[in-house]
Structures are given as structure tokens and as C-alpha cells.
Amino acid sequence: QTGESGGKAAVPEFTWKFQVVHNPEQMDYKMFKEVCDQVYEATNGRMKIELYPSGSFASSMEAFQACGEGVFEMHSSWPSYVKGVEYAFVPIADGNMSMGPLDRMIFLEQGGGKQLMQEAFDKLNLQFISYRIWPPDTLASRYDFKSIAEMKGKKFRTSAPDIAVAQGISAITLPIEEIFTAMASGAVDMLENCYLSYNHDLGITDIAPYGIYPDFWNCSFVETVVVNKNAWNKLPEDIKIIVKSVFDAKMIDVFAKAEITSAQDLKELDESGKVNFRRLDAEQFKAMRQDMMEIEAAETEKQGQDSLTAKTYETIYEFYRNYYPYKELTAHWSTGLTASEAAGFQIPKYHKDANE
Amino acid sequence: MSTTTIVIIMMVVFISILLLGHPLSWILGGLGVIFGVFFWGDLNVLNIFTRAVYKVVTTSSYVCIPLFIFMGALLEKSGSADKLFDSLYIVFGRLKGGLALATVVISALMGAATGIIGASISIMAMLALPTMLKHRYEEKLACGTVMAAGSLGTLIPPSVILVIYGSLSNLSIAKLFAGGMGAGICLAAIYSIYVVVLSYIKPSYGPPISKEESQKYSAGQKAAMILVSVVPTLSLILLVLGSILLGAATPNEASALGCVGAMIIAIMYKNFNWKMFKESCFSTMKTTSMIMWIIVCATMFTSIFIGLGGDKVIADMVVGVGENKWVILSVILVLLVAMGMLLDSYGVLLIGVPLFTPIVYSLGFDPIWFGIIFTLMIQVSVLSPPVAYAVFYMKGFVPHIPIGKLYWAVIPFMAMQIICIILCCIFPDIIMFLPNRMQ
Amino acid sequence: MNNPPVVISEMLNSYNTLKRTVRRIPQKEEVSFVIRKYVETMDKISIFVGKAFSFLIIPIVILQAGEALLRYVFDSPTIWSWEVAMLLYGAHFIVGAAWVMTYEGHVRTDMLYAKFSAKTQQLLELILFPLIFFPFVSVLLWKCTVNTLYSISIRETTFTQWAPPFYPLKVVITFAFLLLLFQGIAKWLRVFVLFTKGEEI
Ligand code: NA
Ligand code: NA
């Protein structure tokens, strides 16, 4: 790529290695490829970001730390992987029974979330550049559960077992390599792994005939794009602005794309009769949110009142106090209506309600 | 210095030092460090090595490796393994190559319980190999059978390789498993035919029991032998399998249940004692350490190889080989074997899947079909000299056999793997029969 | 059983004894006491540590088999069992490298190597260990030490919800590299003495 098109730098001034948590055939990987190409174009060839799939230099569990240590310059993944270094990543970027995707975005942008995120990444020598919020996970199941109560004693693979255990569900934290075999053979009865199109591609929908949408336990995962601080500080201001802007612009694009792809997959799976989806009623959420409050209090206690975790929960609760009453008051008229009522014409629905 | 030059230097230095006889693990790790320092352009790269260690010690799918080795050690040191194969030898003794055939069949069954090469080869090296050598099976045939059949586990589901392949390429793991079943059975059948036919042509390779010795045992005695010596150990193996298929256990748990079962069998045979148990623990540690350190160091080497641009050098080789889709496919398959000469299976997947799958799909090959062909190529690469992981694992069990002999031992089995791949190209249904019938 | 089974480790031991006997060269003079003492002590330590850690396989079996039982029979799985088993598996194999080195168990290709004279083999070891092995182990020891100290300082846990401490395993890994380095030095000294003075330690 040495200066074939007019005005390009012959050799990039900056070449970065960028390990993402995705694999080459996934939409997310291709999206990051586009971003890297755009940065190259926008900087006139001065900055080249080379994309590497999951696990190229370090495993998902190790990658944030490896990036902070300078093994590679840039990384994108779920910060819950480094909760062992800073627990506050859980409430900032993940949070069971917490906010939906849009609320999470407002919290990060305007509720102090971004500042907390940078404070947590400071511990790892990482600069927080951009983020995207994932669609809700689905729960894949071998049985047609109509309520949380029916799940009692059933075996559930989850990465967040506390809230499930509080409901009397037998939570199992199986590693990702084993979940497929475990589900196919019946060693587990249900699992949460990722959002719908992702599970669909892996063939989990081939072996799990029922789905609960959305999955109650994990909500609005935040994927973060970070840069090793030493590498970031070497960039001139103009390139810094380009990198941040190009990533931010794409993140909004991909947020919308993942939402719509999941909707299309839901439609396809429902129409083919391959997976039977069900939506649990809000009463179930209310009870579990109360359980979650206790878990959050216990975790704050454990991390200490001076911890970033305590500060994060206080910031989140403050956001609820300031924003939710307004949100309730000004909620769009369609809130709480059926799809058809909101649209004004008849739309078939793709899921069963709990009482059907 | 260009990336291509660096990669060529890496390959040449690696193979030279390997031939000079420095231990494999230190070469993989040491060259990783040296090439990282000189060519990465940033000393921070040295942190990659600690991360590689932490990655391997927290890869839970590897937990079954020490467990299967422990199960093998218990069966071996309690004499159960020898009882099993000795009885098989007497009962099916008139069949030339009978023990090698039994090894292939039992390996294929074990392959359905484990998906990791190091685990299956170790267990078969402990169970079947000593008996074959005792009954004067030709060393190359005996070792080759264990190495080739011991690698079947990555093809026959469940297989960690197929799970990783599915997640790397966004394919249904269920369909890959179904496809792997067909190819695995086909390959096992080819191996079976080979060991029997070879022993009939050259009876000294897989000598049958003599007529007189066979007649020493009455039909009743033989039946009793099956009941006492074959049934318990074989049931254990089937129990381990069954526990996965019945949904009672994950592969790691199944291997632990296998250890418990091996202890119970030892107690039943009244061979269980502290000395034997202690020795089993020791030999498990020695074998596991030898194998896992190769895996740790190979992980380091792979990261450095990718970071220095090794993947791009390989990609350039596919460009400009013409338009014929079978020519392009053949070139890709050859490159996969070449990569397997330097990297471990995971490295081959990590580099090969993103590079080759888009090309292969654009040529109109079926993704599931190619996934299985790819996995068959990984089987070839673990056997192909000079960097043949199956051979290295094996060497740990037979230090008295020169590695050159082990290299010769795998050649006929590599030829059969190629035959299997050609068969799968001519008759894609060998792979696609099961996946096509899923929903 | 009339014919005792061919036990792999016995084969291994007899092979090594055989190799040593063949290579034994008449002693010309006694090696300095310190080197001999160091080499012998390191062998003992590496073997002892390896043997001690080899018993970790027992809790791994109990945890994994027990978990299958708890879940399948009693419907009450744990969230920690697989993770403890995994952390133990890491500690198990990592410290074994030094023990494997005492009996030359790390696999090498002997195609050319076996054809060389004993002197050439020794010379190769004397050159290649400082070129390949020592840089590798030293770098790993250094980086693991730095990382482990940091891990202890922040009381690092794993990423799961159960979140057990991760730093004990990192301490074990660092110790494994330390042991391997000292065993590597012992091995090099052993070859050095053999090469220069023709004495077996
Ligand atoms: Na398998
Ligand atoms: Na090879």
C-alpha cells in the first residue's frame, strides 16, 4: 500500500496492532475492518491499524492487560473480563437486571459513565476510546418455561450465577468450549451466551427449541475500544481526533445493525417454527430487581465504601433518581402498547406471552 | 527486512535447531523470545509470553489431558490394560494384525470421549502399545497405528478443534460434529483395512498367535477371558463415552469418571495398592508436563509468528495460482500442512480460517464440507515430519525408539489421510450425509 | 500375571541408566565439590517438588467426578468446582518441567543428534542452552515476577462471578520458572563437567 493513490504517505507513521474479541466471519469483525480502512483513508495513509481476531496474541481473559502492557496497541472487548483487576467494570459496563441498551448509552454519555470507565481503565494503563452496546442476550432452552418459578432446580449455564441462584435455579458456569456439547447432550437445560444472531450462527438454535427473549440475567453488555496509553500519547492531536471520530461513528451504525439483525433472525426462527420464543412478564423482573439490589449492596460492602465500585453504584442510582422520573413522565406514547397498537396497523408478533 | 524474509529465517532457524537436537519446547519458547526482541520493534512484546502461559493454564478444555493420562496410567500400572489386550490377542489371535485393529477400533471409541490429540495418543500409548510390542508387532506399525488412530478424536465429535473452527468461521457446531462423524468413521475404516491387509501381506508386521498356543485355550476358557479381562475395561471406556452422550457429564467430567472407574477395576483385579497409585500419579505428572509445556511454548511461538506477519506471507502464496478451483484447493491444503509443520493445531486454525475460508466459499465449496476437510488437514499436519506433534507426544513414551523411525511410521498413515481427503472430494456425501439430514 | 506388563516409566528409567552407563568415562580427577553438590541438590529438589505436586491430580479427579455426580444425581451443581479444578490443573503441570528435565524427558528430535559423537552432543548442549533455553527462561522468570507482584498488590481475582484469587497460581508459575532456571543451570554444569573433565555427575 505504498502511495499508489495520490497524496498518501509512502510508509505509515503509525502502525498499530488491534486485537478484537471477534472472529473473521462475524459481522462485528467486518465492521472493525471497515473502521481500520477508514482511519487509513482519513489520515492519508499516516496511520495504519492492523486487525487481528480473538486470541491472536492473548486470550480474551488476558487481552486487556496485555494491551496495557504494550503487547499490542489497541483492543476491543467486554471489560468484564478484567473484573478481577477492577470489579467496577461490572456495574459500569454490564450490570445484571440493570438498564436497557438505550438507557445505558445515556448513562455512559451523560450520567458520568464514561468518566468512571476511564477511571477504571487507568488501572490498566489504557485509554478509553469508544464503545458499543450490544442487543439483549437470549436465553436458549430445552424446555418451554413460562416463568422463573418453573426454572427452579433446572440446570442453567450462565456467566452471572448469583441472581439465578437467588431464584433457586442450579447455576453452572461452564466455559465457552463446553457449552455446546453440554447443551446438546442435556448436561445443561438452558444457557445464556450471547445475542440471538450470534447463537443462531453457532447452531445453538439447532439444539435448543425454546427461547426467552430478552434474557433476564444479563442486560446491555458494553464492548469497549481501548488503546495502550503510551501508544495513544504518541499520536498527534489531529490523528487522535480522527481515530475517535471514526470509531464513534461506526459504533452507532453497528448498534443499530445488531438490533435489526436480531429482529430479522427472530422473525426467521419463528416463521420456520425452529425456535419457540416467549417473553416473560414484567412482574418477574420487579421481584428479581429487588434481589439484585441486595446482591449489589453485598458487593459494595465487599469492595469497600471507598472503592470505585461503591462510587459507580452511587453514580448509577443517582442517574436513576435524576433521569427515570423524567423518562417516565415523557415516555413516548408507544411505551407499553403492543407492536400493532404502536404502529397503527396489524403486525404479527413473534413471541408468546407468559400467559398463553 | 521484509516480512517474507523474516518468516523464512524463522522457519530455517527453527528446523535447523530442531535437527541439532535441542528440546522442542525450549526452541519454540526461545525462538519466540529472540525473534520478538529483534523483529517486533518493541520490547513490551516480552509480556506476550507470560500472557501465553496464563492462557494455557486457564484453558479449561485442557483439564481432560492430565485426567485421561491418569486414567491410562491407572489402567496400565494395575495391569488392566495388559489383561485387556492380552486377552484380545488370544481370543482374536488367529487374525493377523488383530491387536492393531483393536487399537484402531478402541481409539475411535476413545475419540468420541476426547477431542484433544495429546490426551488420546497418551492413553493409547499406555494401553495398547506395550502389549503390541510385547507380542512382536513391528515397531513402526504399532507406533504408527497409535499416533494416527490416537489423532482421530479431533475429527470424531465432540472435538475442541471443531468447536473452535465453528466459532472462528460462524458455522453451526452441530453440523460440523455431524460432518466429522462421517469423515472420522471413513478414516478409521481405512486404517483398519490397512493394518489387517498389511499384516496379511507381511505376517511379521502383525504376527498372529501360533496354532498350538491358540489351541491351548478351550472355547470356554476364551469366553471366560472375555468376561474377566475384556468386559470390565471395555465397559469403562464405553461408560466414559456414554456419560457424555447421555448428558451426565461434560468431557472433562467424563475423563474424571474414567479415573474413578479405572481405580474400581484395579480394586476388582486386586491390584490396587499405594505403590501402584503413587506411581500412577508420578507418571501422570511427568507425561502431562512434557505435553503441556510443548503446548505452552507453541502458543508463544504462534503469537509471535502471527505478529511478525506470518499470516500475510501465507496469504500471498495463494494469490496467483490460477483459476481452477481444485488447483486452488490443493494449494490451500498444501499450505495448511506447511503451517502445521511450524505451529500447533490452534495456530493453524487461527491463521488458516480467516485466510482460506473466504477464498474457498467464493469458489463455491460447501462451508461445512470444507470445515471437515480442514480438520482432516490438521490430522495430516500433526503427523507430518519434521514438526509432528503426534510424533513428539509419542516419543515421550518410547524414548528408546529413534525419532527417525517414528517419522517413517507415520508416512503410510499420512498417505491414507490423503486418500480419505480425495475420497471426500469425489464423494462429498461421506461428510455431508449427516449434516444434510439435519432439519 | 506371569508376564509383568512393560511399564513405561520402567522403560524410561532403564533407558536412562543404560545411556549413562554407556557414556561413563573413567574419572580423571574429582570435580569441585560445590558444583557436584549443587547439581545433586537441584536434582533432588526438582524431583521432590515434582512428586509433591503430582498428587494434585487427586483433588482434580474428585472435583470433576464429584461435580458430575452432584449435578446429574442430586441436581445441585456448584459454580466453583470446574474453576478450582482448572486452577489446580495449571499448578499441576507447570512445576513438572524441572523434574522432566532431570531425566532428559523433554522431547527432542534425535535424527541427526543421535548420530553425533558424545563430545559433539555435549558441545551442542553447551552452546544451544545459553542461546535458546536461558534467554527464554530468564525472560519468563523476569516477566512473571513483575506480573505476579502486581497481581498480589491488587489481590487479583479471576473474571468469573465466583471470582477466586488468581495470584496464588501466578506465584506457582513464577516458582516453576525459577525451579526450571536452576535446574537448567545444573544441567548445563553437568554437561560442562562431562565435556571438560570427562566426569559424570
Ligand atoms: Na472427539
Ligand atoms: Na507437521
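Student: How many residues does the contact take from chain A and from chain C?

Tutor: The contact takes 23 residues from chain A and 17 residues from chain C. Please note that this is a predicted model. The area buried between chain A and chain C is about 1800 Å², and carbon and sulfur atoms give 50% of that area.

Student: How many salt bridges and how many polar contacts are counted between chain A and chain C?

Tutor: In general, side chains of opposite charge can pair when their charged atoms come close. Between chain A and chain C the count of salt bridges is zero. Four residue pairs are in polar contact there, both residues at pLDDT 80 or more.

Student: Which elements of chain A supply at least two residues of the side that touches chain C?

Tutor: They are α2 (60-68), α6 (161-166) and β7 (170-172) of chain A. By class, this side of chain A has ten nonpolar, seven polar and six charged residues.

Student: What area is buried between chain C and chain B?

Tutor: About 6700 Å² is buried between chain C and chain B, and carbon and sulfur atoms give 76% of it. Tyr89(C), Val107(C) and Thr109(C) supply 11% of the area that chain C buries against chain B, more than any other three residues. The contact takes 71 residues from chain C and 79 residues from chain B.

Student: What are the counts of salt bridges and polar contacts between chain C and chain B?

Tutor: The count of salt bridges is zero, whereas eleven residue pairs are in polar contact, both residues at pLDDT 80 or more. Elements giving two or more residues to the side of chain C that touches chain B include α1 (8-23), α2 (33-54) and α7 (167-197) of chain C. On that side, α6(C) gives the most, with 16 residues. By class, the side of chain C that touches chain B has 50 nonpolar, 13 polar and eight charged residues.

Student: Where in the whole structure might one look for an example of a salt bridge?

Tutor: A search of the whole structure finds 34 salt bridges over all chains. One pair in a salt bridge is Lys33(A) and Asp37(A), whose closest N and O atoms are 3.1 Å apart. Both residues lie in helix α1 (residues 27-42) of chain A, four residues apart, about one turn of the helix.

Student: What is the volume of the largest pocket, and how many residues line it?

Tutor: Rolling a probe the size of a water molecule over the atoms shows where empty space is left. Here the largest pocket has a volume of about 2200 Å³ and is lined by 49 residues. Nearest its centre lie Tyr213(A), Pro214(A), Arg279(A), Thr335(A) and Gly336(A). Among the elements that give two or more residues to the lining are α4 (101-110) and α12 (282-303) of chain A. The largest share, five residues, comes from α11(A). By class, the lining has 28 nonpolar, eleven polar and ten charged residues.

Student: Which backbone features of chain B deserve a remark?

Tutor: Most residues other than glycine have a negative phi, and most peptide bonds are trans. In chain B, a cis peptide bond joins Pro385(B) and Pro386(B), with omega about 0 degrees. Pro386(B) lies in the loop between α19 (367-383) and α20 (389-395) of chain B.

Student: Is the phi of Arg136(B) positive or negative?

Tutor: The phi of Arg136(B) is positive, near 65 degrees, in a residue other than glycine. Arg136(B) lies in the loop between α8 (129-134) and α9 (139-150) of chain B.

Terms used: Residues numbered from 1 in each chain as written. Chains lettered and ligands numbered in written order. Predicted model: local features only at pLDDT ≥ 70, side-chain atom pairs only at ≥ 80, totals over all residues. Heavy atoms only, no water. Contact = heavy atoms within 4.5 Å. Buried area = accessible area lost by both parts, 1.4 Å probe. Salt bridge = Lys/Arg side-chain N within 4 Å of Asp/Glu carboxyl O. Polar contact = N/O pair within 3.5 Å; in protein donor to acceptor, adjacent residues only side chain to side chain. Nonpolar A, V, L, I, M, F, W, Y, C, P; charged D, E, K, R; others polar. 1 Å grid on protein atoms, 1.4 Å probe; cavity = no way out; pocket = protein on both sides within 12 Å on 5 of 7 lines; lining within 4 Å. Points joined across faces, edges and corners; volume = space filled by probe spheres on them.
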